[in-house]
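Hi there,

Here is the structure I promised to pass on to you. Have a look at it first, and then read my notes below.

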Amino acid sequence: MTAVAGARRPVARAATRDHGAWFLVLPALIPILLLSVGPLLYGVMLAFTDAQSGRTTATTWIGALNFRDLLHDTLFWESFRIGLVWAVGVTVPQFLLALGLALLLDQDLRLRRFARALAIVPWAMPEVVVGIMWRLVYSPDAGVLNETLRDLGLGDGRDWLSGLATALPAVIVVGVWAGMPQTTVALLAGLQNTPRELHEAAAVDGAGAWRRFRAVTWPALRPVALAITALNLIWNLNSFALVYVLTSGGPGGKTRLPMLFAYEEAFRYGQFGYAAAMGCVLVAVVSVLLAVFLAGRLRGGGDA
């Protein structure tokens, strides 16, 4: 009996620790359930209904009818194509420029601390403020960009955000500028965790800067680079505020991202159920991207 009682005590203590751990996690878990998981489940449920704004009749269950209509909605798939162009067009230059800036800020330069602080200024600005500021830069009449082009004799300027050919590239430039600081900070942290002894040993062996980067810097930086690139791609695919302030999806839908399309369906046309179906498709796409990234990390043992 004594041996049995002694065996039960560790089990009881382990159960007590588990309950204590859940009690500590609960304050952080409740807001997630209420503000994230709850609305997500409600949105999924709404996608299978004909919910609309201003209706006096009860909302009815229509099954997968919204998703069937969505498959034949060419405007939505066009917005999805634009969203992919936007996400890739922002993420790739963002990473390359941030990598170059991180390598520069990792050097022992004068005023390095000031330069690092200056580099994160766009990150500290709200997206709405960034959008308003860049609207002024792109202004056709007195914008900084057009005035500079006039001073250089490169033309009379143009309306960058209203041109069918220039609107999306102009918005992509803003997205790169606004998101580059967080990528720079992540890459700079990865660079500073690379042992200096490896660089010194490679330099002693006669390796040049490019060879040291390929053999020493990039292998150590690769996990951080893959993680921040995946997160940026997912974040950019879900962009809304910046593009909404800059163009509201115009001109002619040339910058209408999927989130903007869903917003218009819900709050301009009152099609809540149909907009919820769009949101479900976007959640599914993001989930697939995240699953592919995690599978790759697990397959590589977390080091690739």
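Which residues does Glu 265 touch, not counting those up to four places away in sequence? They are Gly 270, Gln 271, Tyr 274, Ala 275 and Met 278, where a contact means heavy atoms within 4.5 Å.

Before you go on: this is a predicted model, where local features need pLDDT of at least 70 and side-chain atom pairs count only at pLDDT 80 or more, while totals for chains, interfaces and linings use all residues. Residues are numbered from 1 along each chain as its sequence is written, and side-chain values use heavy atoms, leaving out hydrogens and water.

The protein has 13 helices and zero strands (DSSP runs, numbered from the N terminus: H or I of at least four residues for helices, E of at least two for strands). Glu 265 belongs to helix 12, residues 258–267.

Rings of Phe, Tyr and Trp (its six-membered ring) pair if their centres lie within 6.5 Å; planes under 30 degrees apart count as stacked, over 60 as edge-to-face and the rest as tilted. Here the centres are 6.1 Å apart and the planes at 70°, so the pair of Phe 76 and Phe 261 is edge-to-face. Both Phe 76 and Phe 261 are buried (under 20% relative accessible area; over 50% is exposed and in between is partly exposed, with a 1.4 Å probe and protein chains only).

By the ring rule, the count comes to 16 aromatic pairs.

Enjoy exploring!
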